[in-house]
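Me: I'd like to learn how to read a model like this one. Could you walk me through it step by step?

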Amino acid sequence: MHMAAQHPTAALLLCEVVMEILSWVPAKPLMRLKLVCKSWNSIISHPHFVKLHLHRSPKNSILLFTRTQALTLGEEEKQDLVLSSVESFIRNPSSSLDAQENRHSLHVDDLVSGSCNGLVCVARMLCDHNNGICDNWFRLWNPLTGFVSENSPCLRVNVNNSFGFGYDESSDSYKVVTLNRDSSGTVTAHVYSFRGSSWKTINSLPAFLYFAEDINGHFIGGTLNWLVLRKPHGAYNDWADVTLDMFMIVSFDLKSDTHKQILLPKGIHEIPDQMPILGVSGNSLYLLHNYKNTHLIAWQMKEFGDENSWTQLLKISFHHLGVVKTLLPPEFIFENGNIFMLRGRHRFEVVFYDRRDNSVKRVNINNLDFDAFDYVESLVQPC
């Protein structure tokens, strides 16, 4: 070290070697290594290192759960955010969810609207259901580093809205998009960049009746995606009035603030018995639907945005899975489409299906309601 201090080239080389080694260390130990010395703290905190480390971090390895505990008399309602590796959760879900070091507290009125690059987007909603109006604020939170952004400006919209959270690489900015539908089906998008200071309004979206599944948009390839029902010429009263051409995926580009419509797989020839469900794993978009109340079918869009790349990945009987015939959240896909997490036969049962060996594992999580998100630990702390 003394010799390196006398030779700038040697010092620079040593710094690059240290950076290379540290970039392969998991994020949690890096938080402790920042305390080793000032030079390591400087390296680990540098934006270039943060991006390099994120690029090299494993993906799809951690599940992020929001959960509401069952209440006993006199207790206040509580909400936790829990981080767990896929392997730990499958092996012992109760221990994974109850481990104190994996738990973070959320306000009971907070809503997780997405996770991206180690950042969690948290929405705070105050709704007046009598008037059908909601006030919404959004903030970013890194559970690992403790970073919390300032709240976005308040966005007042009606209660028929959906959120999405993602990353725009072109501007190195994290954005929230809300889709707001009025009583006529007209849809307005509101976009907020955490690098900015105000909401932008986009009025060119297609009219649709409502979101066909989870209200959270699915982030992939710089876009947010929702499965919706296209607005027909006249209103319909029940599921019998739905036709295949009414389904579409609205894909909103975070770079250009424009949208396009993606059609469902051509291999779907009849209306599913219930709403299909979108999912994302790795770099692929997935569509799950109920087939004749007997089978679960999963489609994979191998090249995102290319409707001709839809491929039927899975067709398996509900009997073999041991799940209810009505698809209910949480449905989650990970390990690049190899493992499916589905709701079991009762409220607190979760079923894991591994298509690589056709195995099924059921786990019980007593007295717990939860939602699941994909998450990766990172050092990201945006401006």
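Reply: Happy to. Helices and strands here are DSSP runs, a helix having at least four residues and a strand at least two. Keep in mind that this is a predicted model. Its protein chain has 8 helices and 25 strands.

Me: What does UniProt list for residues 14–53?

Reply: An unreviewed UniProt entry gives that stretch as "domain: F-box". In the model, residues 14–53 are 78% helix and 0% strand, with 18 Å between the end C-alpha atoms.

Me: How do I judge what percentage of the residues count as buried?

Reply: Buried means under 20% relative accessible area. By that cut-off, 50% of the 383 residues in the protein chain are buried.

Me: And how many aromatic pairs does the structure hold?

Reply: Rings pair if their centres lie within 6.5 Å, and planes over 60 degrees apart count as edge-to-face. The structure has 6 such aromatic pairs. One of them joins Phe-138 and Phe-163 edge-to-face, at 5.2 Å centre to centre with 80° between the planes. Phe-138 sits in strand E6 and Phe-163 in strand E8, so this pair ties together parts 25 residues apart in sequence. Both Phe-138 and Phe-163 are buried.

Me: Which pair is tilted, with 35° between the planes?

Reply: That is Tyr-167 with Tyr-174, at 4.7 Å centre to centre. Tyr-167 is buried at a relative accessible area of 15%, and Tyr-174 is buried at 6%.

Me: Which residues do ring pairs link into a cluster?

Reply: Phe-138, Phe-163, Tyr-192, Phe-194 and Trp-199 are linked that way.

Note on methods: Residues are numbered from 1 along each chain as its sequence is written. This is a predicted model: local features need pLDDT of at least 70, side-chain atom pairs count only at pLDDT 80 or more; totals for chains, interfaces and linings use all residues. Side-chain values use heavy atoms; hydrogens and water are left out. UniProt positions are given in the numbering used here, feature names are shortened, and annotations may be inferred rather than shown by experiment. Buried means under 20% relative accessible area, exposed over 50%, partly exposed in between (1.4 Å probe, protein chains only). Rings of Phe, Tyr and Trp (its six-membered ring) pair if their centres lie within 6.5 Å; planes under 30 degrees apart count as stacked, over 60 as edge-to-face and the rest as tilted.
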